[in-house]
Amino acid sequence: MHVGVVVNPVAGMGGRVGLKGTDGKVAEARERGAEPRAPNRTRRALAALHERAPDARVSTVADPMGASLVREAGFDPDVVAEPVRAFSEPPADDDAYAAAETTAADTREAVRALADAGVDIVLFVGGDGTAADVAEALSGTDTPMLGVPAGVKVYSSVFAVSPEDAAAVVTDFERTERREVMDIDEDDYRAGEVHPELRAVAWVPVAEDLQSSKQTGGGTVEALAEGFAADVEAGVTYVLGPGSTLGAIKEELGFEGSPIGVDVWRDGEVLVRDATEAEILDALGERNVVVVTPIGGQGFVFGRGNPQLSPAVIRACEVSVVASRSKLDDLSVLRVDTDDPELDERLRGWTRVRVGKFETRMMKIV
């Protein structure tokens, strides 16, 4: 097996500091104290890959786009490409990746070099923008691609559910199929407008542990919102996640929330609107409830589109899941991918999802 690895080192950096993405916002993310997310996601995927296939041949890209992380996992890679602003020495720590200045052109050139090297599959780490660049570079070839999700918004169906699942898919797949690469305009996204656009159709392994494309819309939620608002408790801090379902709840509570951000509310007062991870933690009280809704078509309640809800935030809160009946009808399970495997394991199991004014439905988190 010959695996090509390419990493977008700044993918997902804008999430926990409230930027909804990193496209064109890397400098601002750094100023807000954002920490790189991609390196650790890469480590998890490559550690699992080395455990499953220690003798696999790996080709990759010079730092900061993969080389040191591949070596750290135990592989001796062929470095087949170098970004324009390559690091002169290996990153001293994860914070060093925050200084990366790689571009979409670097990604495309790297993937073309990996394809020319004859890799059996390109394993990339990033979000939808990275996926679109990888798909463009592989256009006209039959080389499959597979994503390790590390971006803020992950709408495309070319990603594994988790880094470990990505390793399993890479080592076990036997055939491929065409799947959609979706992306959205991040400026529109920050303004609350979500319009997924088909960017490419790419060859991807056939496997169960791939996520579906995100579906928009999810049925009426007015009764659900009314019931939730009637049950709020005095003194409790509510951390209200993004999405149209939560938007209806925020409206019922009497305020216009951030449609794709996280708002913190207690006793009739909005404590923070469109909060960062740090602002959420600062606003928490003695008892806290984080309220989330699964992403339509995918089922993620944590780990897609809401990185502000970090492991630290989740651990400090009770978890309440809400969803329309129609959204749950299209989901067999719910999913979590918090960057903290121990927390993911704790969250797994059966949970009660509010679907109406009084009604609930049991769903399993996997």
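Let's start at a hairpin: β9 and β10 form one, with two residues between them, and D267 in the turn has a positive phi of about 50 degrees. Helices (H or I, at least four residues) and strands (E, at least two) here are DSSP runs, numbered from the N terminus. Two strands pair if DSSP finds at least two bridges between them.

Some ground rules. This is a predicted model, where local features need pLDDT of at least 70 and side-chain atom pairs count only at pLDDT 80 or more, while totals for chains, interfaces and linings use all residues. Residues are numbered from 1 along each chain as its sequence is written, and side-chain values use heavy atoms, with hydrogens and water left out.

Strand β9 covers residues 263-266 and strand β10 covers residues 269-272. They pair in the antiparallel sense over three bridges. V264 has V272 in β10 as its bridge partner. R266 is bridged to E269 in β10.

On its other pairing, β9 meets β8. Those two strands run antiparallel, joined by three bridges. Here L240 has D263 in β9 as its partner.

Now the whole sheet. Which order do the seven strands of this open sheet follow? The order is β10-β9-β8-β11-β13-β15-β16, and the pairing is mixed. The edge strands are β10 and β16 (360-365), each pairing on one side only. On average, neighbouring strands are turned by 35 degrees against each other, direction ignored. For angles, axes are lines fitted to C-alpha atoms, for helices over the stretch in contact, and values run from 0 to 180 degrees between N-to-C directions.

A parallel pair sits in this sheet too: β13 and β15, joined by two bridges. V322 has R354 in β15 as its bridge partner.

Next, the helices around these strands. α9 lies across β8, β9, β11 and β13, and runs at about 105 degrees to β13. Contact means heavy atoms within 4.5 Å.

Then α8, residues 222-230. Which of its residues are buried? They are L224, A225, G227, F228 and A229. Buried means under 20% relative accessible area, exposed over 50%, partly exposed in between (1.4 Å probe, protein chains only). Their cover includes α9 (244-252) and the strands β8 (237-240), β11 (288-292), β13 (318-322) and β15 (349-354).

Elsewhere, two helices pack together. They are α2 (residues 38-52) and α6 (residues 163-172), at an angle of about 40 degrees, with axes 7 Å apart. From α2, the residues in contact are R41, R44, A45, A48, L49 and R52. From α6, they are P163, E164, A167, A168, V170, T171 and D172. By class, that contact has seven nonpolar, one polar and five charged residues. Ala, Val, Leu, Ile, Met, Phe, Trp, Tyr, Cys and Pro count as nonpolar, Asp, Glu, Lys and Arg as charged, and the others, Gly among them, as polar.

Most residues other than glycine have a negative phi, and most peptide bonds are trans. D267, in the loop between β9 and β10, has the positive phi I opened with. D274 has a positive phi as well, near 55 degrees. D274 sits in the loop between β10 and α10 (277-283). D274 counts as partly exposed because its relative accessibility is 26%. Finally, the peptide bond from D63 to P64 is cis, with omega near 15 degrees. P64 is in the loop between β2 (57-61) and α3 (67-72).
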